[in-house]
Amino acid sequence: MISVVPNVAAVSTAAPHAPHAPASTKPLVRLRGVDKVYANGTLAVQNLNLDIRANEFISLLGPSGCGKSTALRMIAGLGEHSRGEIDWPTARYDARGRPIREIGFVFQEPTLMPWATVFDNVYLPLMLKDIPRAEVVDRVNNTLDMVGLLAFANSHPRELSGGMKMRVSIARALVTQPKLLLMDEPFAALDEITRSKLNNDLLDIWQRAQCTVVFVTHSIYESVYLSNRIVVLAARPGRMIGELAVDTPYPRTNDFRLTPEYIAHCRAVSDMLDLAMHGAAPASTLASEHSHG
Ligand code: ADP
């Protein structure tokens, strides 16, 4: 079933949840009326309202410049917002009264240390927390196992394919066992076959890690395949124009991509984007995205 919530001022409380976890009452992160104005005056994000709940897989979808990365960075605490509130209602607080954000961040580039082994690349966040290597060998190996790279623990990045490097990057983000995994167009630079395989791997990893994912993408098809909730944004200024629930149960397989349900979801997302950008929904949109990958 397709459920569409256009022009959302506050996010619906009836958002779907992954089957492996009960709905929790308090969101993990709550954004209310969030604006971001950069120093040069660019209004990158305007009036963002979003509840991110435990164990959801949310995609932020929209064209370049609609503020997806800005929103992700603000959730991560990597940039101050200019107006509104970003709360972590269930977080613990540090001695200075700041919420302890339990997050992992995956960027478009894997950005691995070329001189270090796969194991040491994944160990890095724990090393930065002064945790001795010997204490976390099992944890690093388990995380490598989760992304299917345990056999490559002693390899160096130059020995890995693009998709494998990205899986190392995902393992590095997960090794701290974060509650929230933030992913900024992680598969955009990969070929379509690798990307499709990594979509399946990511869903598997998400289920095993039992975390929440906020995934930035400009691919309608990718967002529908992965998410149980899609937040659609428009540009100039970057703003949320609606959200859609994709209630197809997990695990999802490639067969899902061939179902009328999947196509209907893609069309609904596409129509929402077109409505925001052009005030109409040209029928050619889906074909056009297909041809451009
Ligand atoms: P998206 O991730 O959707 O492509 P961004 O969040 O990167 O969008 O950017 C949103 C808007 O903010 C764009 O107009 C972009 O040019 C602008 N922007 C992003 N970062 C900065 C910055 N550091 N300084 C000024 N403007 C910025």
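First, some housekeeping. We're looking at a predicted model, where local features need pLDDT of at least 70, side-chain atom pairs count only at pLDDT 80 or more, and totals for chains, interfaces and linings use all residues. Residues are numbered from 1 along each chain as its sequence is written.

Okay, strand E9, residues 229-234. When I say strand, I mean a DSSP run of at least two residues, E, and a helix is an H or I run of at least four, all numbered from the N terminus. Six of the six residues in E9 are buried, so the strand is largely enclosed by the rest of the structure. Buried here means 20 or more other C-beta atoms within 10 Å of the residue's own, with C-beta atoms placed from the backbone. Arg229, Val231 and Leu233 point one way, while Ile230, Val232 and Ala234 point the other.

Now the neighbours. Strands pair if DSSP finds at least two bridges between them. E4, residues 57-61, runs parallel to E9, with four bridges joining them; there, Leu60 has Val231 as its bridge partner. With E10, residues 239-246, E9 pairs in the antiparallel sense over six bridges. In the hairpin of E9 and E10, four residues sit between the strands, and Arg236 takes a positive phi near 50 degrees.

Last stop, the ligand. Helix H1, residues 68-76, gives the largest share of the shell around it, three residues.

Notes:
A residue is buried if 20 or more other C-beta atoms lie within 10 Å of its own, exposed if 12 or fewer, and partly exposed in between; C-beta atoms are placed from the backbone.
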